[in-house]
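Welcome! Please take a moment with the sequence and the model before reading the notes that follow.

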Amino acid sequence: MGTVASARQSLIGQLETSSSGNVAQMIDKGYGQAWQATALWGGAFALAALVVGVFVLARPAFGAPGRPQAPWIKSVAWGGVALGVIGLLLAVLKYTDVLLGLPSTG
């Protein structure tokens, strides 16, 4: 999904700057917005993994308290939480151009 959003934003940027524009504007609209669209989709999926993992871990407190949770469920939920946190961190770093930012033009 992120690749499709990136390609779409890249195409929109190329169409917007095809008639006129300087190099910095072409890079920003053609690649910068596509990079940020990819980061947003990655962040959305990471947030979903984090929410699902936290929900599964917190469910025994609100569900049937006397019924224990299987160990593999907790392991998978903790894995989802870890991947969600790492994914959100990478998405924020990617969106803010801290991680592999666009090249400068001047």
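Among the elements of the chain, helix α1 (residues 2–17) has the lowest mean pLDDT, at 67, while α3 has the highest, at 91. Here pLDDT is the predictor's confidence in each residue, on a scale from 0 to 100, and helices (H or I, at least four residues) and strands (E, at least two) are DSSP runs numbered from the N terminus. This is a predicted model, in which local features need pLDDT of at least 70 and side-chain atom pairs count only at pLDDT 80 or more, while totals for chains, interfaces and linings use all residues. Residues are numbered from 1 along each chain as its sequence is written, and side-chain values use heavy atoms, with hydrogens and water left out.

**The chain as a whole**

- The chain holds 3 helices and 0 strands, and its elements run α-α-α from the N terminus on.
- Mean pLDDT for the chain is 79, and 69% of its residues reach 70 or more.
- Of the 106 residues in the chain, 23% are buried; buried means under 20% relative accessible area, exposed means over 50%, and partly exposed lies in between (1.4 Å probe, protein chains only).
- The accessible surface of the chain is about 7400 Å², and 70% of that belongs to carbon and sulfur atoms; such areas come from the Shrake-Rupley method with a 1.4 Å probe, and for residues only the protein chains shown count as cover.
- Taking contacts between residues at least 6 apart in sequence, 73% join residues at least 24 apart, where contact means heavy atoms within 4.5 Å.

**Helix α3**

- Helix α3 has 25 residues and reaches 36 Å from its first C-alpha to its last, close to the 36 Å expected at 1.5 Å a residue; the expected span is 1.5 Å times one less than the number of residues.
- The buried residues in α3 are Ala77, Gly80, Val81, Gly84, Ala91 and Lys94.
- Val85 also lies in helix α3, but this residue counts as partly exposed because its relative accessibility is 46%.
- Val85 and Ala49 are 36 residues apart in sequence, with 8.7 Å between their C-alpha atoms.
- After α3 comes Asp97, whose phi is positive, near 65 degrees.

**Lys94 and its surroundings**

- Lys94 sits in helix α3, which covers residues 71–95, and it counts as buried because its relative accessibility is 19%.
- Leaving aside neighbours within four places in sequence, Lys94 is in contact with Trp35, Thr38, Ala39 and Leu99.
- Lys94 lies over the face of Trp35, at 4.5 Å from the ring centre; a charge sits over a ring if NZ of Lys or CZ of Arg is within 6 Å of the ring centre and within 35 degrees of the ring normal.
- The C-alpha atoms of Lys94 and Gly42 are separated by 9.6 Å, with the two residues 52 apart along the chain.

- Rings of Phe, Tyr and Trp (its six-membered ring) pair if their centres lie within 6.5 Å; planes under 30 degrees apart count as stacked, over 60 as edge-to-face and the rest as tilted.
- By this rule the count is 1 aromatic pair, formed by Trp41 and Phe45, which is tilted, at 6.3 Å centre to centre and 35 degrees between the planes.
- Trp41 and Phe45 both lie in helix α2 (residues 23–62), 4 residues apart, about one turn of the helix.
- Trp41 counts as partly exposed because its relative accessibility is 34%, whereas Phe45 is exposed, with a relative accessible area of 53%.
- Trp41 and Ala91 are 50 residues apart in sequence and 8.4 Å apart in space, C-alpha to C-alpha.
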